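Colleague: I've got the model open. Walk me through it, please, starting with the charged residues.

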Amino acid sequence: MVNLKEKLKDKLITLETTPPKLPTLDLMIEKIEKSNALDFIDGFSTTDCPLSKLKFNSIIAAFRLQDKFKKPVIATMSMRDRNKIALQSDLLGANDLGVTNILALTGDPASMSDQPKVKGVVEGSSVLLLEIIRAFNNGMDYSGKEFKIKPKPITPFAVSNSYAKNFSSIERKIYKKVKNYATGIITQPVYDMEIVEKMLEIMNNVKKEFNDERKESEIIFGFFPITRLKTAQFLHSHVPGIYVPDNWIEKLIKAHKIGPQEEYKVGLELSKNLFQKLLKKHPKIHIMTANRFEIVKELF
């Protein structure tokens, strides 16, 4: 299996997958196969019950995808659903399965769940999981007790907003995660090259603070193709940490008035143009499609 840490030095295109609320991953695997997305990507990620909605387990999904497609997978682990015991137990199981790329995520609030009376665990932010992974990579559990068999090396990832009125807050959070050895920082979707330049500047500032392996940490830009006005307006108005330019929304408004086909055409053209610029500038991209895997080939 290709080491994602090595891939990050050059080019890395990953595709987010959201496992279904089903007792099997087979239907999602079939959908990926039919989409031709495999021809364009280097690996996958699996989400961990996003929006606190019940889904198939992210670690087992990662194992299934790695086993089927022979491409590395980043398995998301949410702090919302696990205490320190469960986090470490899942890491041990994942390690045995060869799932060693882990995305540390605090997780959406339990109050958003589709299950009755759910309580969040959240013993700490995603930084706690990064600290646990660091302990594992040093051959011990979080309490400092050494394992009789050292775990396989784990490559940790973390997330970041891609926009804020005060970008210094983003820089502080990224610094904290890189300080705790996050190899890659995956951003919220970007829709503006000026934002891309600003985030690269932030990452370069952070890396200057270190003189060890942490100076090789990389930013990975999230990219969610917008093909509907509804999506653009929702992301712009309701999702913190994302900026959708006014000219995108204005062009989609005009296209929306013409009809669905024009709306899709204009949105895809805007998305593809930006994606191609991003590929040339910084070919480390995490594609999010809400499982519309067929759209991946349209971007290239």
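Modeller: Start at Asp 42, which counts as buried because its relative accessibility is 17%. Buried means under 20% relative accessible area, exposed means over 50%, and partly exposed is in between (1.4 Å probe, protein chains only).

Colleague: Before we go on, where do these values come from, and what is counted?

Modeller: This is a predicted model: local features need pLDDT of at least 70 and side-chain atom pairs count only at pLDDT 80 or more, while totals for chains, interfaces and linings use all residues. Residues are numbered from 1 along each chain as its sequence is written, and side-chain values use heavy atoms, with hydrogens and water left out.

Colleague: Back to Asp 42. Which side chain does Asp 42 meet in a salt bridge?

Modeller: Lys 7, at 3.5 Å from N to O. The pair ties together parts that are 35 residues apart in sequence, because Asp 42 lies in the loop between helix H2 (26-35) and strand E2 (43-46) and Lys 7 in helix H1 (residues 4-7). A salt bridge here is a side-chain nitrogen of Lys or Arg within 4 Å of a carboxyl oxygen of Asp or Glu. Helices (H or I, at least four residues) and strands (E, at least two) are DSSP runs, numbered from the N terminus.

Colleague: And Lys 7, how accessible is that?

Modeller: Lys 7 is partly exposed, at 25% relative accessibility.

Colleague: How many salt bridges in total?

Modeller: The count is 15.

Colleague: Give me another one. What does Glu 123 pair with?

Modeller: Lys 84, with the closest N and O atoms 3.0 Å apart. Glu 123 sits in the loop between strand E4 (101-105) and helix H5 (126-137) and Lys 84 in helix H4 (residues 84-97), so the pair links parts 39 residues apart in sequence. Glu 123 has a relative accessible area of 40% and is partly exposed. Lys 84 is partly exposed too, at 31%.

Colleague: Switching to strands. Which E2 residues point each way?

Modeller: Gly 43 and Ser 45 point one way, Phe 44 and Thr 46 the other, and all are buried. E2 runs parallel to strand E1 (residues 12-17), joined by 4 bridges. Thr 14 stands opposite Gly 43. Right-handed means that, with the strands pointing away from the viewer, the path from the first strand over the helix to the second runs clockwise.

Colleague: What about E2 and E3, how many bridges?

Modeller: 3 bridges, and the strands run parallel; E3 covers residues 73-78. Strands pair if DSSP finds at least two bridges between them. Ser 45 is opposite Ile 74. The crossover from E2 through helix H3 (residues 58-69) to E3 is also right-handed.

Colleague: And E7, how many of its residues are buried?

Modeller: 6 of the 6 residues of E7 (residues 218-223), so the strand is largely enclosed by the rest of the structure. Glu 218, Ile 220 and Gly 222 are on one side, with Ile 219, Phe 221 and Phe 223 on the other. Strand E6 (residues 184-189) runs parallel to E7 over 4 bridges. On the strand E8 (residues 284-287) side, 3 bridges pair E7 and E8, again parallel. Phe 221 has Ile 285 as its bridge partner in E8.

Colleague: Last one, the whole chain. How many helices and strands?

Modeller: 11 helices and 8 strands. Of the 300 residues, 51% count as buried. Residues 24 or more positions apart make 77% of the contacts with a separation of 6 or more.

Definitions and conventions: Contact means heavy atoms within 4.5 Å.
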